[in-house]
Amino acid sequence: MRRRRNRRRGRRGGSEELWMLGLVAAVAFALIAALLSWLAAHPWVLVLLSAAGAGVGWVWWVRRREAARWERVRAQGLRYAVEQFDGLHYNDFEFAVRDLMHRDGCSDAQKVGGRGDNGADVKATDPYGRRWVIQCKHRKAGWSGSAVGTPDLQVLNGTGRQVHGGDVLVMLTNGRFSGPARAFAESQRLHLVDRHLLAQWAGGSRPLWELLRAVPPPPRKPTSLS
């Protein structure tokens, strides 16, 4: 008897739920039909809604364009005092170098440093078509920190051209280089950016290729320097 009663209650409950769903659907359908009928009788409302939507879209587009323009202005005016680099995490130091390359017109500048980076932390193509491969060595103590030595340069020299296809290979630090490292770099056509040159680049407005000596000639004519 109890099972029969439970079954009856279950059936009643299911029927009530179906009835409620049907009622909700009917009411929703009636409201939608009434709305469509009202809009058909008042077409000017659709015109106003369309105009409002177009206006909102226009404002959004204008604001986005202005934000992009100001971002370009900000990037072009990016400056760093060399002391700012000392307090950065090495990862943020690499991002800062990427931003400076982007400031100088390398629109594809990207940070690639990390595990398995094969001797490259930042890669970029300058407006002249030269591929830059930059290895960054951060020193918390700046010039007083340990000098970047030949082994680091050997890694860059072994992968910069063969693996990354670089035209300009740069070892960059907020510190200094050892004497043997400078000699090795000169013999292998590697470019060194020490603390003094970094300060000149980051705090000024000239691109890095104007500050380095013996940079390879452009493989093609520049298309844009902005």
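Here are a few friendly notes on a sheet, a helix and one histidine in this predicted model.

1. Let's start with the sheet. Five strands make up an open sheet, and their order across it is S1-S2-S3-S4-S5. The pairing is mixed. As background, strands of a sheet pair through backbone hydrogen bonds, and the pairing can be parallel or antiparallel.

2. Which strands sit at the edges? They are strand S1 (110-111) and strand S5 (191-193), and each of these pairs on one side only.

3. Strand S2 (residues 122-125) runs antiparallel to strand S3 (residues 131-137), and 4 bridges link the two. To find a bridge on your screen, look for Thr125, whose partner in S3 is Arg131.

4. Next comes a helix. Helix H5 (residues 150-159) packs on the sheet, where it touches S3, strand S4 (168-173) and S5. The direction of H5 makes an angle of about 150° with that of S4.

5. Between S3 and H5 there is a loop, and His138 lies in it. Is this residue buried or exposed? His138 has a relative accessibility of 14%, and because buried means under 20%, His138 counts as buried.

6. What does the side chain of His138 reach? One of its polar atoms lies 2.6 Å from the backbone oxygen of Phe85. The His138 side chain also reaches the backbone oxygen of Leu88, at 3.2 Å.

7. Finally, look at the surroundings of His138. Setting aside neighbours within four places in sequence, His138 is in contact with Phe85, Asp86, Leu88, Tyr90, Phe93 and Asn174.

Terms used:
Residues numbered from 1 in each chain as written. Predicted model: local features only at pLDDT ≥ 70, side-chain atom pairs only at ≥ 80, totals over all residues. Heavy atoms only, no water. Pairing = 2+ DSSP bridges. Contact = heavy atoms within 4.5 Å. Axes fitted to C-alpha atoms, helices over the stretch in contact; angles between N-to-C directions. Buried < 20%, exposed > 50% of the residue type's maximum accessible area, 1.4 Å probe, protein only. Polar contact = N/O pair within 3.5 Å; in protein donor to acceptor, adjacent residues only side chain to side chain.
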